[in-house]
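Here is a short briefing on one chain. Look through the sequence and the model first, then read the points by topic.

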Amino acid sequence: MPAKPKRPGQVIFVAVVLIILGCWSLLGGVCGGGFTAFAAMQPDPGGPAQPGDPFAAQRFLAKEIPGYTATIFVLLFFNMLFGIGELIAGIGLLRMSSAARTLAIVLTVLKLFFSMASNAYNLVYVLPANDKFIREHLIVAQGGQPPPFDLGAVTQASAMIGVGCGIARSEE
């Protein structure tokens, strides 16, 4: 009876990473979708954002960006599909399936392009609207006084760093 081939350490590593990323994508999709759905159902009190209102930014973005809520749900849905695929590919790699290896490669390439597209959407639409929300509502929250530093530049720089980290993470 021939012995089963041993799994190389690299295969085990990639399989475990795929399983972890798949679970992370599913968890992020469920939590993000739940928050987005809950925020969309909240009534708009009108006027400027009140301190302690966790849904004010979501409502503002939904008003400011056409199709924002639908786009977020589509992005979360595809992220969950990628998560399911990564789980399947990771388990298949542990079983030494050549089809799982091909699936892992295809999913990784597709997720890279998906990540680039979602980051582009955030750069073009979400970040400017979020910057506008912070500028408008922070000044109101401070009683009409502008912040002592350029908050827009700080938020844009931190967002660019976040997008850069997201792109670096998706290229792994």
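**Briefing: a helical chain**

Phe 133 is buried, because its relative accessible area is 12%, under the 20% cut-off. This residue sits in helix H4. The model is a predicted one. The chain holds five helices and zero strands. Its pattern along the sequence reads α-α-α-α-α. Of the 172 residues in the chain, 29% are buried.

**A contact across the sequence**

- Phe 133 and Phe 60 lie 73 residues apart in sequence.
- In space, the C-alpha atoms of Phe 133 and Phe 60 are 6.9 Å apart.

**Salt bridges**

- The whole structure contains two salt bridges.
- One of them pairs Lys 132 with Glu 64, and their closest N and O atoms are 2.9 Å apart.
- Lys 132 belongs to helix H4 and Glu 64 to helix H2 (residues 56–64), so this pair ties together parts that are 68 residues apart in sequence.
- Lys 132 has a relative accessible area of 30%, so this residue counts as partly exposed.
- Glu 64 is also partly exposed, with a relative accessible area of 34%.
- Lys 111 forms a salt bridge with Glu 86, with 3.2 Å between the closest N and O atoms.
- Are Lys 111 and Glu 86 buried or exposed? Both are buried.

**Nonpolar surface patch**

- Which residues form the nonpolar patch on the surface? They are Val 74, Phe 77, Phe 78, Leu 81, Ile 84, Ile 88 and Leu 103.
- Together these residues have about 600 Å² of accessible area.
- Helix H3 (residues 68–94) gives the most to the patch, with six residues.
- Ile 84, one of the patch residues, is found in helix H3.
- Ile 84 is partly exposed because its relative accessibility is 40%, which falls between the 20% and 50% cut-offs.

**Second largest pocket**

- The volume of the second largest pocket is about 170 Å³.
- Its lining consists of Gln 10, Val 11, Val 14, Leu 93, Met 96, Ser 97, Ser 98, Arg 101, Ala 104 and Ile 105.
- Which helix gives the most to this lining? H4 does, with four residues.
- Helix H1 (9–41) and helix H4 (98–141) each supply at least two residues of the lining.
- By class, the lining has six nonpolar, three polar and one charged residues.

**Met 96, a lining residue in a loop**

- Met 96 is one of the residues that line the second largest pocket.
- Where is Met 96 found? Its place is the loop between H3 and H4.
- The phi angle of Met 96 is near 65°. That is a positive value in a residue other than glycine.
- Met 96 has 40% relative accessibility, so this residue counts as partly exposed.

**Helix H4 in brief**

- Phe 133 lies in helix H4.
- Lys 132, also in helix H4, forms a salt bridge with Glu 64.

Conventions: Residues are numbered from 1 along each chain as its sequence is written. This is a predicted model: local features need pLDDT of at least 70, side-chain atom pairs count only at pLDDT 80 or more; totals for chains, interfaces and linings use all residues. Side-chain values use heavy atoms; hydrogens and water are left out. Patches are made of residues with over 30% relative accessible area and no salt bridge: like charges are joined within 9 Å, nonpolar side chains (Val, Leu, Ile, Met, Phe, Trp, Tyr) within 5 Å. Accessible areas come from the Shrake-Rupley method with a 1.4 Å probe; for residues, only the protein chains shown count as cover. A salt bridge is a side-chain nitrogen of Lys or Arg within 4 Å of a carboxyl oxygen of Asp or Glu. Buried means under 20% relative accessible area, exposed over 50%, partly exposed in between (1.4 Å probe, protein chains only). On a 1 Å grid over the protein atoms alone, a cavity is a set of points where a 1.4 Å probe fits but cannot get out, and a pocket is an open set with protein on both sides within 12 Å along at least five of seven lines; lining residues have an atom within 4 Å of a point. Grid points are joined across faces, edges and corners, and a volume is the space filled by probe spheres set on the points. Ala, Val, Leu, Ile, Met, Phe, Trp, Tyr, Cys and Pro count as nonpolar, Asp, Glu, Lys and Arg as charged, and the others, Gly among them, as polar.
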